[in-house]
There are 2 protein chains.
Amino acid sequence: MRSATIRDVARAANVSTATVSRVLNRSEAVADPTVDRVLKAANELDYVPHGGARSLASKRTDTIGVLLPDLHGEFFSELIRGIDAGTSAHGLHLLLSRSHGDPQEAAAVLRAMRSRVDAMLVMSPYADGEELSSALKGGVPLVLLNSSGGGGGRHPTFAIDNHAGAFAITAHLLETGRRRVAFIAGPADNIEAAERLRGYRAALASTEQSGELIAQGDFTERSGLAATRELLLTARPDAIFAANDMMAIGCLQALREADLRVPGSVAVAGFDDIPVARFVEPALTTAGVPIAEIGRQALECCVAIIRGADPGDRHRIFTPQLVVRASSTGNSEHGPKSPASERI
Amino acid sequence: MRSATIRDVARAANVSTATVSRVLNRSEAVADPTVDRVLKAANELDYVPHGGARSLASKRTDTIGVLLPDLHGEFFSELIRGIDAGTSAHGLHLLLSRSHGDPQEAAAVLRAMRSRVDAMLVMSPYADGEELSSALKGGVPLVLLNSSGGGGGRHPTFAIDNHAGAFAITAHLLETGRRRVAFIAGPADNIEAAERLRGYRAALASTEQSGELIAQGDFTERSGLAATRELLLTARPDAIFAANDMMAIGCLQALREADLRVPGSVAVAGFDDIPVARFVEPALTTAGVPIAEIGRQALECCVAIIRGADPGDRHRIFTPQLVVRASSTGNSEHGPKSPASERI
DNA sequence: CGCCCGCATGTAACCGTTTACATAAAGACG
DNA sequence: CGTCTTTATGTAAACGGTTACATGCGGGCG
């Protein structure tokens with residue numbers, strides 16, 4: 001059952017294909033009765049323009065490519081949700097891909113996407129923006145999400161101030177009286193993870209006390225669990241700051257296993273404020289990031305570029321908000337009590 | 001900076017465009033030295049075939065369309081992860097879309113995707129498969145995920161046996177000595193939610209005791225929280241079965257607020273076994289569903305259809321596995337103790 | 001009344017591939 | 001040593017849209 005083409009519609013409406021095209025794209029003035037005839041014919045034939053043909057002729061694909069480093073967990077589902085909200089608001093399609101770490105692979109995926117999208121939204125905390133954009137040879141506008149520096153500022157970048165967020169969390173833990181604040185790091189080659197580590201160190205350094213206690217993780221719950229077990233064997237932390245919420249959740253689990261009270265014996269904090277963070281027990285103190293909103297704004301930036309509009313600030317930095325919940329305060333034997341519990 | 005076309009490559013390699021195409025598609029025998037020349041030229045020019053042109057000429061898009069009803073939470077991120085694993089294994093692209101409930105909107109989205117994909121994977125628990133496929137007029141192969149019945153069996157369907165899962169959970173709660181088992185339902189018009197409700201009722205009916213206790217939810221954590229508050233006011237459940245894990249997590253939160261011990265005073269169970277379910281406190285008893293695996297298999301089915309291979313069983317039903325964790329057993333004043341804690 | 005202008009529409013070239021068919025060269029074979 | 005396959009490559013016609021340009025037509029204006 002061959003689907004109807006623009007020619008079929010033209011014939012049915014007794015006009016030329018050019019007119020049908022004009023009606024469907026609202027590109028030029030067409031007389032009202034003609035418009036009606038065309039729309040009626042298109043409807044009856046259940047005509048849908050062929051995307052490939054359209055993109056071939058017009059050099060637009062009405063599609064945004066999205067490249068993410070991973071798809072695990074709520075961080076990414078929130079991000080995708082924000083992006084999707086944007087694409088569907090603008091009538092665009094969303095081509096999703098994932099490149100596991102390796103910058104080479106990321107570059108390959110970008111090349112494969114190149115001819116099918118009008119712009120790309122790329123989050124690749126493992127690769128330099130420069131590297132990626134050279135993979136594209138500038139053919140497609142690129143918007144970077146939380147990537148390293150952004151390759152000399154050639155591409156708009158949306159980033160989280162990981163350093164500030166980690167600094168704030170660490171400072172909060174110290175201020176509430178913790179003395180041995182450990183850190184569960186993210187993947188070593190992940191730029192965001194590295195920044196969070198720097199933030200942690202900077203905060204420790206700003207007080208004259210306590211050396212660093214670091215365990216290695218990889219952003220998964222599992223690794224948070226393992227890292228915490230390890231920390232409990234080697235050090236005696238009275239606070240653990242995990243570089244993301246998923247690891248913090250694994251951390252809570254390990255502390256429970258070890259019968260350590262949170263925040264009584266050990267305070268815990270995460271990073272990202274994924275939706276579930278407020279529902280774990282105890283609710284997680286974290287660095288709040290408007291994940292979906294960032295996705296949405298980054299997408300809007302893509303759209304602005306495509307449409308030739310002003311994309312606004314080329315580099316938007318989101319400073320995470322310290323979200324204090326029960327895991328770092330409340331009925332602790334350390335510091336003051338929680339000022340107010342959050343309303344859900 | 002216009003990107004290179006097949007003609008540029010042909011010129012550089014001193015062959016015809018047909019030969020270039022043959023080399024790139026491995027479609028016919030080409031002499032080795034020619035292959036080398038072509039590949040070298042393509043490489044040097046950084047040639048990437050134009051997807052639109054290709055799809056226009058070959059009627060393939062190498063893209064699978066995925067339509068989901070929502071993007072909230074880990075259920076969908078797991079599903080997407082499974083699907084993505086499949087598409088990237090086969091070198092296919094993934095066009096993602098979300099249609100909020102409304103079957104009309106879903107149909108519209110399908111139409112818009114129709115010309116850009118080779119097959120579609122659709123999860124639309126609000127709409128009848130029949131309805132959706134008529135929106136496509138059979139132009140594109142359709143694989144359904146957890147949809148209602150599957151429109152007379154015309155499309156392969158991958159589904160969870162929601163009834164059996166819910167029955168098993170409810171039976172488990174009853175067997176462990178609970179007498180007032182409440183149910184937090186999913187959206188009323190969601191077919192999966194309806195099946196789970198039926199399963200709950202069937203299990204209650206099979207024992208002669210206790211009438212139903214039902215609160216309305218909508219699959220979000222928030223609604224689980226609200227529904228539980230309501231249940232606590234109106235009924236005195238000693239077990240709460242939420243129709244999915246997210247609501248169960250909200251439920252745990254509400255019970256904590258009310259200072260009710262879990263599973264001591266109230267047992268809790270969910271449905272789906274999302275990754276975080278084992279990390280909440282107490283770990284959640286749930287109906288385990290291999291979410292990512294279902295996504296992957298459904299995708300493989302799409303691929304088989306596209307490639308003209310045997311798609312295998314047209315209707316695959318996954319029976320959820322009862323996953324007993326601490327939220328429904330362990331140090332309860334009811335029933336027996338947990339047989340064994342899970343190894344993480 | 002003739003001219004020019006602007007509006008609505010048609011004509012046809014072009015976008016970058018794939019592929020059926022044609023062709024040329026090289027062996028195979030009697 | 002012709003003829004017949006086989007193999008490698010070229011030629012050119014689709015594929016289904018968009019859009020620059022051409023055309024025809026009615027009305028305003030000097």
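Two residues are in contact if their C-beta atoms, placed from the backbone, lie within 7 Å. Keep that definition in mind as we walk through this predicted model, starting with the place where its two protein chains meet.

## Where the chains meet

By that rule, 46 residues of chain A are in contact with 46 residues of chain B. On chain A, the side that touches chain B draws at least two residues from each of α4 (51–58), α5 (73–89), β2 (93–98), α6 (103–114), α10 (221–234) and α11 (245–257). Helix α5(A) makes the largest contribution to that side, with seven residues. Sorted by class, the side of chain A that touches chain B holds 18 nonpolar, 16 polar and 12 charged residues.

Do the copies use matching or unlike surfaces? Of the interface residues of chain A, 100% are also interface residues in chain B, so the copies meet through the same surface.

β2(A) pairs with β2 of chain B (residues 93–98) in the antiparallel sense, over three bridges. In this pairing, A:L95 stands opposite B:L95.

Is B:L94 buried or exposed? It has 23 C-beta neighbours inside 10 Å, and a residue counts as buried with 20 or more, so B:L94 is buried. Setting aside its neighbours within four places in sequence, B:L94 is in contact with residues of chain A, namely A:L95, A:L96 and A:S97, and with B:I64, B:V66, B:I83, B:D84 and B:T87 of chain B. B:L94 and B:M120 are 26 residues apart in sequence, and their C-alpha atoms are 9.8 Å apart in space.

## Parallel strands inside each chain

Strands of a sheet pair through backbone hydrogen bonds, either parallel or antiparallel. The table gathers some parallel pairs found within a single chain.

| Strand pair | Bridges | Residues standing opposite |
|---|---|---|
| β3(B) (119–122) and β4(B) (142–145) | three | B:L121 and B:V143 |
| β4(B) and β5(B) (157–160) | two | B:L144 and B:T157 |
| β8(A) (239–242) and β9(A) | three | A:A239 and A:A267 |

In chain A, an open sheet of four strands runs in the order β7-β6-β8-β9, with parallel pairing. At its edges stand β7 (213–216) and β9 (267–269), each with a single partner strand, so one side of each is left without a neighbour in the sheet. From one strand to the next, the twist averages 20°. Helix α10(A) packs on the sheet and touches β6 (181–185), β7 and β8 of chain A, and its direction makes about 140° with that of β7(A).

## Around the DNA

The model also holds DNA strands C and D. Which residues come nearest to DNA strand C? Among the 28 residues around DNA strand C, they are A:A18, A:A29, B:I6, B:S21 and B:A57. The elements giving two or more residues to the surface near DNA strand C are α2 and α4 of chain A and α2 and α4 of chain B. Here α2(B) has the largest share, six residues. By class, this surface near DNA strand C has 14 nonpolar, 11 polar and three charged residues.

Around DNA strand D there are 28 residues, of which A:I6, A:A18, A:S21, B:A18 and B:A29 come nearest. Helices α2 (17–25) and α4 of chain A, along with α2 (17–25) and α4 (51–58) of chain B, each supply at least two residues of the surface near DNA strand D. For DNA strand D, α2(A) gives the most, with six residues. The surface near DNA strand D divides into 14 nonpolar, 11 polar and three charged residues.

Methods: Residues numbered from 1 in each chain as written. Chains lettered and ligands numbered in written order. Predicted model: local features only at pLDDT ≥ 70, side-chain atom pairs only at ≥ 80, totals over all residues. Nonpolar A, V, L, I, M, F, W, Y, C, P; charged D, E, K, R; others polar. Pairing = 2+ DSSP bridges. Near = placed C-beta within 6 Å. Buried ≥ 20, exposed ≤ 12 C-beta atoms within 10 Å, placed from the backbone. Axes fitted to C-alpha atoms, helices over the stretch in contact; angles between N-to-C directions.
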